[in-house]
Amino acid sequence: MNIDEPITVAPYSPAWVAQFASERAGLCHALSIEPSRVEHIGSTAVVGMHAKPIVDIMLGLDGFPAPSALCVQLGSLGYEAFGEEGVPGRLYFRKRAPTAFNVQAVSFRGPLWWDNLLLRDFLTAHPAEAQRYSDEKIRAFHAGHRTLLSCSAAKASAIAELLAAARRAT
């Protein structure tokens, strides 16, 4: 399995919120976890932003590493496990059919948890920053960054700047 895959960038879709809600309900039921431990993150969680049409979900774990049963449970729901994939403290899973989802499993209320929520909430509260980031993604895509890893690398500095601005704003 290879984490790198072709990507597209699409205009905001209100369907992403409903897709998240449905998947959250399924995850909570299958994993016996509270909804407060399952958050919609990434650009699909920010109204009006262009995004990869893949709903990003963050799953809060009691600790890290995750229990081995988590991979089995998510596998039974159609998710592929990729391990940490270069981000210590995060397990990455993906499901592509019938709807595309990524799940990041991190320590509940740990640094990765807070950073993801901080960035999402900052972009939601600052539409001009969200638009700037949206434009950056479109530029990266049109410049030829059409795989997950290439696109992620192309926008890494923009994400770092936005996260720094979000931290200053709190």
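The protein chain is built from five helices and five strands, where helices (H or I, at least four residues) and strands (E, at least two) are DSSP runs numbered from the N terminus. This is a predicted model, so local features need pLDDT of at least 70 and side-chain atom pairs count only at pLDDT 80 or more, while totals for chains, interfaces and linings use all residues. Residues are numbered from 1 along each chain as its sequence is written, and side-chain values use heavy atoms, with hydrogens and water left out.

Reading along the sequence, the elements of the protein chain come in the order α-β-β-α-β-β-β-α-α-α. The chain is as compact as a globular protein of 170 residues, because its radius of gyration of 15 Å is close to the 15 Å from the globule rule; the radius is taken over C-alpha atoms, and the rule is 2.2 Å times the number of residues to the power 0.38. Laid out along its principal axes, the C-alpha trace spans about 40 × 35 × 30 Å.

How much of the chain is tucked away? Of the 170 residues, 41% are buried, with buried meaning under 20% relative accessible area, exposed over 50%, and partly exposed in between (1.4 Å probe, protein chains only). The protein chain exposes about 8,500 Å², and carbon and sulfur atoms supply 58% of that area; accessible areas come from the Shrake-Rupley method with a 1.4 Å probe, and for residues only the protein chains shown count as cover. As for contacts (heavy atoms within 4.5 Å), residues 24 or more positions apart account for 64% of those with a separation of 6 or more.

Next, the charges. The protein chain carries 16 positive and 16 negative charges, and their mean positions are 3 Å apart. Here Lys and Arg count as positive and Asp and Glu as negative, with His and the chain ends not counted; the place of a charge is taken as NZ of Lys, CZ of Arg, CG of Asp or CD of Glu. Side chains of opposite charge can pair when their charged atoms come close. A search of the whole structure turns up 11 salt bridges, each being a side-chain nitrogen of Lys or Arg within 4 Å of a carboxyl oxygen of Asp or Glu.

One of these bridges joins the side chains of R94 and E5, at 3.7 Å from N to O. This pair links distant parts of the chain, 89 residues apart: R94 sits in strand 4 (residues 90-95), and E5 in the segment before helix 1 (15-31). R94 counts as buried at 9% relative accessibility, and E5 is buried too, at 14%. R94 also meets E80 in a salt bridge, this time at 3.0 Å, N to O. Since E80 lies in strand 3 (residues 80-81) and R94 in strand 4, that pair ties together parts 14 residues apart in sequence. E80 is partly exposed, with a relative accessible area of 28%. Put together, E5, E80, R94 and R96 are linked in a network of salt bridges.

Another bridge, between the side chains of D115 and R167, has an N to O distance of 2.8 Å. It too links distant parts of the chain, with D115 in helix 3 (residues 111-125) and R167 in helix 5 (residues 148-169), 52 residues apart. D115 is partly exposed at 23% relative accessible area, and R167 counts as partly exposed at 44%.

The peptide bond from F64 to P65 is cis, with omega near 10°, and P65 is placed in the loop between strand 2 (55-61) and helix 2 (68-76). A cis peptide bond also joins A97 and P98, where omega is about 0°; P98 is found in the loop between strand 4 and strand 5 (101-107).

Which residues other than glycine have a positive phi? Among them is S32, with phi near 55°. S32 sits in the loop between helix 1 and strand 1 (38-41) and is exposed, with a relative accessible area of 67%. E85, which is not a glycine either, has a positive phi of about 45°. E85 lies in the loop between strand 3 and strand 4 and is partly exposed, with a relative accessible area of 39%.
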